[in-house]
Structure formats: C-alpha cells, structure tokens
Amino acid sequence: MQRLRALYAWFDQRLGLGSFFAETAGHLVPESSGSWFYVFGSATLLCFVIQVLTGICLSLVYVPSAAEAYTSLEYLNYEVPLGWYLRAVHYWGSNFMVALLSVHMAQVFLFGAYKYPRELTWISGCLLFLLTLGMAFTGQILRWDQDAYWGVGIGMSIAGRTPFLGEPLVHAVLGGPIIGAATLSRFFALHVFVLVGLIIAVITLHLRLVLRSGISEYPDPDQPVDRATYHARYEDLIRRTGVPFFPNAIAKDLVFGALVILAILGAAAVFGPNGPNGPPDPTLIHTSPRPDFYFLPLFAVFALLPPYTETVLMLVGPVIGIALLFAVPFLDRSGQRNPLRRPVACLAVILVFLVLGSLAYLGETSPWSPEMDAWNGLPLPESAVAGRSPLQLVGAAVFQNKQCRNCHALGGTGGARGPSLDDVAARLSGDQLIRQVLRGGGNMPAYAKQLTPPEVTALVAWMETLHPAYEPPTHEKTWRRKKP
Amino acid sequence: MTSLHVIVSIVLVIAVAACDLPGRPTQAERRVRPDRVLDGAALFESHCRGCHGEPGRLAPVRDLGDPVFLAVIGEGELRRVVSDGVAGTPMPVFSSAGGGPLTEAQIAALADSIFARWATPKAFESVTLPPYSEADARRAGAQPGDSERGLAVWKDYCAECHGPTGEGGGGALRLDQGSFLALTSDQGLRSIVIAGRPELGMPSWREHEGKPPLTVQQISDVVAWLASLRRPFPGRPHSSGDLAAGAP
C-alpha cells in the first residue's frame with residue numbers, strides 16, 4: 001500500500017492527476033442540477049463509448065470491401081460466436097445514441113440552458129448532433145446491403161444537385177461517378193477515423209465549455225438570466241448550495257447510465273441486429289429499401305415533396321434548418337429559462353417531435369409506394385370472390401394479374417397508393433369504371449394499352465360487384481331513381 | 001466457491017442463454033437472392049396464391065390444392081404451364097427464359113412442392129383418368145371434338161346449372177359471355193369439365209349426380225361446343241353482333 005501511494009505520488013507530481021480530478025469530476029455544481037432531467041447528456045456520451053468499444057470489436061471481423069462486406073456481416077451473424085450480438089449491440093447503441101441525444105437537446109432547449117453564458121456549449125452540441133447523424137448515415141452504409149446501396153444512391157443524388165459543387169462532391173464521396181469499389185472504403189474511413197476523431201474533439205470542447213461555464217442551475221421562473229448579474233449570482237449559488245459533481249451529482253447519471261446499458265443489451269438480445277437486408281446488387285429490383293429510423297422523416301419528406309420544389313427544398317431547406325438550430329441562442333435573447341414560462345419553446349418542441357414522429361411513421365409505412373408483391377402474393381379476400389359469375393371471377397384474376405392490387409387495397413390488404421376498392425361499385429358506375437381504367441386520371445396511369453377489351457369487360461364486371469352490404473352498387477341506385 | 005467461479009459460471013450462463021435469445025438471427029431470416037429461393041412453399045406463397053388462393057379457399061382461378069386436377073395434369077405439364085403461362089389468359093409466363101421471375105430450378109421446386117403437399121396419387125391408382133389435353137384424347141383414339149354432339153352433352157350434363165345454351169340460370173353461371181370465353185383457353189375449359197371447380201360447387205367429370213361419368217369423347221365434344229360460342233370481337237359492346245346478342 002505504501003508503495004502504491006509512492007507510485008501515485010510519483011505520477012501525480014508529474015501529471016497533476018489530483019488537481020485534474022478536483023477540477024473536473026470534483027468541481028462544485030449547483031445542487032439543483034443533480035436532477036433526473038440532467039442525465040441525458042452523460043447517457044449520450046456513454047452510448048458513444050459503447051459504440052467505440054463495439055465498433056472496435058466489429059472492425060476485427062468486418063471487411064470494408066464492396067465484394068466481401070456483405071459476406072463478412074453474414075459471417076458475424078451466423079458463424080462468429082455471439083457475433084450477431086455484437087452487431088445488435090452496435091445497432092441498438094446507435095439507435096439509443098440518436099434518441100438520447102435528441103432528448104438531451106430537447107431538455108437543454110426547454111430549460112433554456114443555451115442562454116448566456118452557454119451559447120457556445122449549445123453550438124458545439126449542435127455540431128455533435130450533426131456529427132452523430134453523420135455517423136448514423138455512414139454506419140448504415142457500412143451495413144453493405146440493399147438499404148445501404150440505395151441509401152448512398154439517394155444521398156449522392158441529392159448531393160449531386162448542388163450547383164457547381166455537386167459533381168466534384170459526388171466524385172469525392174463515391175470515389176468515382178457511380179457507386180464502386182472505392183465507395184465503401186471512403187465511407188469506412190469516414191465512419192471509423194474522420195467522424196470519430198471529430199466527435200472526440202468536439203466532445204472535448206463541449207465538456208470543456210460545460211466545465212468553464214458551469215452546469216446550468218435548475219431554471220427558476222423568478223430569476224431570469226441577466227447578463228450583468230448572472231455570474232455573481234451563479235457563483236453565489238455555488239457557494240451556498242454547491243456540491244462536488246463526483247460523487248453527488250453523478251449518482252443519478254450512473255443509475256440512468258446503468259439503465260441505458262441494460263436497455264441496449266436487452267434490446268439487442270430481444271430484437272437482434274438489423275439485417276444485412278439482402279445483397280447490395282442493383283439488378284435485384286425486388287426490394288423496398290428503407291433507411292434506419294433516424295432518417296425515416298427525411299425519407300418521407302423527399303418522397304412527398306412536389307417534384308418542382310425538390311431541388312430548392314432539399315438543398316436550401318436543410319441549410320436553413322441547421323442554421324436556425326445553431327442560431328437558437330441568438331434568436332431567443334430573453335432571460336427567462338423556465339419552460340413553464342416559455343410556451344412558444346414548449347410548443348416548438350412538441351411540434352418538432354410530432355412532425356418528426358408523423359413523418360417517420362409515413363416513412364415506415366410509405367403508403368406512396370406500391371406494394372410490389374401484392375398481385376401474386378396476397379390472396380383475394382373470399383368475400384370478393386364468393387358468389388361471383390365465371391366472367392366476374394376471371395375479371396378478379398385480371399385484377400390480380402394486371403397488378404391493380406399493388407396500389408389498390410382490398411379487404412385491408414394491398415397497396416395504399418390508390419383508394420381501396422372495397423366499395424368502388426357504390427362510388428362509380430360501370431361506365432365510370434371503364435373510363436377510369438382506360439384513361440386513368442387522378443394519379444392513376446391509363447391502362448387502355450395494357451388491357452384487351454375482354455379484360456376490361458371482365459375486370460369491370462367484377463368491380464361492379466364490389467360494394468358493402470349496406471350500400472347498393474351505383475347502377476341499382478340510379479335505376480331506383482329512374483323507376484321509383 | 002470463489003469469486004472466479006461465480007464470474008466463470010455467470011459468463012457460461014450468458015453464453016449458453018445467448019444461443020437461444022430471441023434476437024439471434026435464424027437461417028430462415030437470412031436474406032436469399034430472389035432467384036435462389038428454392039423453398040417451394042415460399043415460392044407458392046409469393047407467386048401463386050394471389051390468384052390461385054390457399055388450397056380449399058375460394059379464389060378467382062383454379063384451386064391448386066385440388067387432387068383431381070393434379071392427378072389429371074401431372075407434374076410435367078404443370079411445370080410447362082407455369083413456365084410458359086397460357087397466352088391470352090391471366091396466367092402469366094413465369095420462366096426467366098420467357099421474361100418471368102422464376103428459374104427452371106425454382107419452377108421444378110414449386111411444382112414438386114405442390115405435388116408433394118396436395119397430390120394424392122394413391123387415390124387415383126384404380127381410376128381411369130380422362131386424357132388431360134385434346135391431343136392426348138386423340139392419341140387415345142377419340143375423334144376430334146364436335147360442337148353439335150357437344151350441344152347434346154351440354155343439355156344432358158350442364159344445362160341444369162348453366163342454362164340450355166350457356167346463358168345461365170339467373171345469370172350467375174352463364175358461360176356464353178364473349179369476354180369470359182376470350183380469357184379462358186380451350187384447355188382451361190377442358191380442365192374445368194374434367195376436374196370441376198370443387199370449391200365453387202362445379203362437379204368433376206365423374207360426379208354428375210345420377211349420370212354416368214363423361215366419356216373421353218363427350219369431354220372433347222362439349223369443349224368444342226363451348227369453344228364454338230367464342231365471338232370474333234369479344235368485349236366490344238359496340239360491335240353490332242355482340243350488341244344484338246346482348247352478351248359482351
């Protein structure tokens with residue numbers, strides 16, 4: 001023991017370990033900041049550490065080459081003992097990291113912690129947010145599957161629209177004009193070296209700023225921030241109620257951190273890794289690629305934008321959004337920090353999460369995409385077949401064969417791009433149905449050239465039987481009107 | 001029991017438990033290229049049941065789980081129909097050679113699985129099955145189908161449900177509509193006459209109540225009669241002939 005002490009003293013003298021600890025972990029923080037609301041930042045950092053550790057382990061097996069990456073992922077999933085679990089922890093760690101980071105940002109925003117004197121802390125945090133999304137995007141591409149392939153394709157198509165810079169940018173990222181052998185290596189370098197290095201650097205800055213300005217006190221509605229008096233008041237607060245960060249304030253962080261670790265390990269064990277979702281082969285058109293959840297809102301927005309607004313909104317929109325995010329401390333110059341006195345801030349957070357949530361739901365269900373397997377994979381509901389004549393039955397077969405089902409649901413199954421046809425006969429007469437099928441209209445293509453006259457006749461004969469029991473088909477309604 | 005023992009046993013328990021954790025990817029979840037799927041049942045689900053439905057359930061077209069039909073068509077012919085489709089009808093070409101989605105091996109696996117699951121060859125060992133096609137019937141010594149003789153067979157066997165000349169009883173079962181006939185091949189009509197559509201209540205060639213089974217010749221004749229109802233311009237109510245007949 002004596003020797004250990006001597007050894008420590010030797011190092012302490014040279015490295016200043018004791019004073020470093022006292023200045024960082026031991027520094028005094030306001031007692032009110034030891035709140036459950038203040039645990040999300042450290043939890044995000046914890047996720048990052050987990051990502052680094054699992055990432056290093058993954059890199060021992062993963063082969064960053066376009067030809068072998070997919071195989072090495074399958075090797076991890078099926079051959080390496082617990083390799084699948086490693087992938088799952090890395091995947092769920094990333095999900096938790098993005099989610100906790102968003103919650104941390106929302107909390108900081110709601111508590112007005114970005115206000116004087118912590119503007120730079122907010123800005124460095126926004127940088128970390130962007131870098132984390134960069135990690136998420138590049139990581140998703142290292143999972144070299146169909147989602148990754150089309151993800152790069154879409155990302156680069158967007159980047160390629162940038163005026164002047166588009167083409168060189170795409171060349172630089174892809175290592176050529178198209179996705180090729182160099183592409184994956186570039187994303188590997190970004191994911192493993194460049195972005196991680198940047199994140200570590202900015203985290204250091206972020207923590208340095210937190211130490212320098214002190215952890216913000218729990219917002220008191222009656223004591224708004226006043227630039228002239230804030231420092232004196234904060235120092236007074238520390239003097240009166242200050243407690244060392246370690247072990248007092250960190251206790252809740254540790255408890256929450258343990259819960260986060262359990263949640264990540266649990267989610268990884270129960271839900272497993274993501275994919276790899278099919279080999280990244282552009283000749284396999286039978287695929288419906290989808291980004292991971294953090295990019296689903298963007299995916300939905302891009303799908304829903306009217307074509308003529310695309311270039312402007314996709315290139316200018318994010319710039320404005322990010323600029324607004326960075327500018328938050330300068331746009332809101334009031335001193336009030338308590339969320340209960342800042343209705344606009346609360347509403348803004350609710351609105352942002354509602355919009356992102358709705359868009360993510362739309363992105364996941366993507367009702368604008370036809371369901372390409374419906375026509376041959378989904379049996380028709382028996383109610384749409386029972387009691388039909390031979391002509392109507394063959395019309396139902398035409399309906400399936402011409403892939404109408406891919407866009408039009410029946411009995412709750414099928415695509416959602418067009419309206420469901422369960423009650424189509426109650427809405428349209430036979431003539432209207434023929435017209436709609438032949439000429440299309442209202443987002444539906446014209447099928448006149450795809451259908452022979454007998455096919456149209458059979459199809460419409462069958463569609464005229466599609467009406468709910470409580471509502472007669474249109475031709476009966478008109479007949480009744482004519483002959484009361 | 002030292003702490004080392006405890007740690008080692010905990011690690012072992014986790015390692016063993018990890019083998020059966022619900023998140024562990026199974027081989028079944030492993031993504032296979034669509035052209036390498038050789039599981040016949042999966043291929044049936046993804047390529048056939050949209051129109052043919054699940055066995056025993058109502059569907060627009062023939063139930064592929066019907067053992068009579070499977071016994072009559074035989075596996076080789078079924079493979080050919082899946083490969084080449086039936087021109088003019090909703091049955092598409094499935095072979096990749098013809099632009100379809102399935103390879104030869106996949107079509108073989110699909111047909112194998114249909115026969116392995118639903119065919120009952122033993123039940124037909126002592127049954128003389130009618131020849132599947134008109135050509136087979138000719139080889140078996142039958143004369144070419146004759147529509148006049150066919151009309152007589154029709155009146156005897158079919159008119160009760162489908163009407164004296166195919167115009168149907170109450171319209172539900174009419175077969176004389178040009179569009180129905182245009183979208184059904186002669187072989188399709190013949191298969192229905194032979195194997196029936198049990199899920200729709202249409203009897204097979206040997207199940208007509210109170211009547212002897214249809215002979216090989218009768219089958220050819222009645223199909224010839226149905227084929228004679230085909231119209232030159234089906235599905236066009238504007239052509240005067242069809243308008244007069246009132247049956248597009």
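Me: Leaving aside neighbours within four places in sequence, which residues is A:Gln107 in contact with?
Reply: This is a predicted model, so let's look at what it shows for this residue. A:Gln107 is found in helix α5 of chain A, which covers residues 83-110. Once its neighbours within four places in sequence are left out, the contacts of A:Gln107 are with A:Phe37, A:Tyr38 and A:Phe40.

Me: Is A:Gln107 buried or exposed?
Reply: The cut-off you need here is that buried means under 20% relative accessible area. A:Gln107 has a relative accessible area of 10%, so A:Gln107 is buried.

Me: How far apart are the C-alpha centres of the two domains, domain 1 and domain 2 of chain A?
Reply: Start with the bounds: domain 1 of chain A runs over 24-365, and domain 2 over 374-482. Between the C-alpha centres of domain 1 and domain 2 of chain A, the distance is 47 Å.

Me: What radius of gyration does chain A have, next to a compact globule of 484 residues?
Reply: Picture the box first: along the principal axes, the C-alpha atoms of chain A fill roughly 100 × 55 × 50 Å. A compact globule of 484 residues would come out near 23 Å, but the radius of gyration of chain A is 30 Å.

Me: What kind of aromatic pair do A:Trp92 and A:Phe271 form?
Reply: Searching the whole structure turns up 24 aromatic pairs over all chains. In the pair of A:Trp92 and A:Phe271, the centres are 5.5 Å apart and the planes are at 40°. Planes under 30 degrees apart would count as stacked and over 60 as edge-to-face, so what falls between is tilted. That makes the pair of A:Trp92 and A:Phe271 tilted.

Me: How many residues apart are A:Trp92 and A:Phe271?
Reply: A:Trp92 sits in helix α5 of chain A, while A:Phe271 belongs to helix α11 (residues 245-271).

Me: Which helices of chain A do A:Phe399 and A:Trp462 tie together?
Reply: The ring centres of A:Phe399 and A:Trp462 are 4.9 Å apart with the planes at 50°, so this pair is tilted. A:Phe399 and A:Trp462 lie 63 residues apart in sequence, so the pair ties together separate parts of chain A: helix α16 (residues 390-401) and helix α19 (residues 453-463).

Me: Is A:Phe164 buried or exposed?
Reply: A:Phe164 isn't a glycine, yet its phi is positive, about 65°. You'll find A:Phe164 in the loop between α7 (146-160) and α8 (166-174) of chain A. Exposed means over 50%, and A:Phe164 has 82% relative accessibility, so A:Phe164 counts as exposed.

Me: And what about A:Ser366, buried or exposed?
Reply: A:Ser366 is not a glycine either, and its phi is positive at about 35°. A:Ser366 is in the loop between α14 (343-365) and α15 (374-377) of chain A. Its relative accessible area is 5%, so A:Ser366 is buried.

Terms used
Residues are numbered from 1 along each chain as its sequence is written. Chains are lettered from A and ligands numbered from 1 in the order in which they are written. This is a predicted model: local features need pLDDT of at least 70, side-chain atom pairs count only at pLDDT 80 or more; totals for chains, interfaces and linings use all residues. Side-chain values use heavy atoms; hydrogens and water are left out. Helices (H or I, at least four residues) and strands (E, at least two) are DSSP runs, numbered from the N terminus. Buried means under 20% relative accessible area, exposed over 50%, partly exposed in between (1.4 Å probe, protein chains only). Contact means heavy atoms within 4.5 Å. Domain bounds come from an automatic or database domain assignment. Rings of Phe, Tyr and Trp (its six-membered ring) pair if their centres lie within 6.5 Å; planes under 30 degrees apart count as stacked, over 60 as edge-to-face and the rest as tilted. The radius of gyration is taken over C-alpha atoms; the globule rule is 2.2 Å times the number of residues to the power 0.38.
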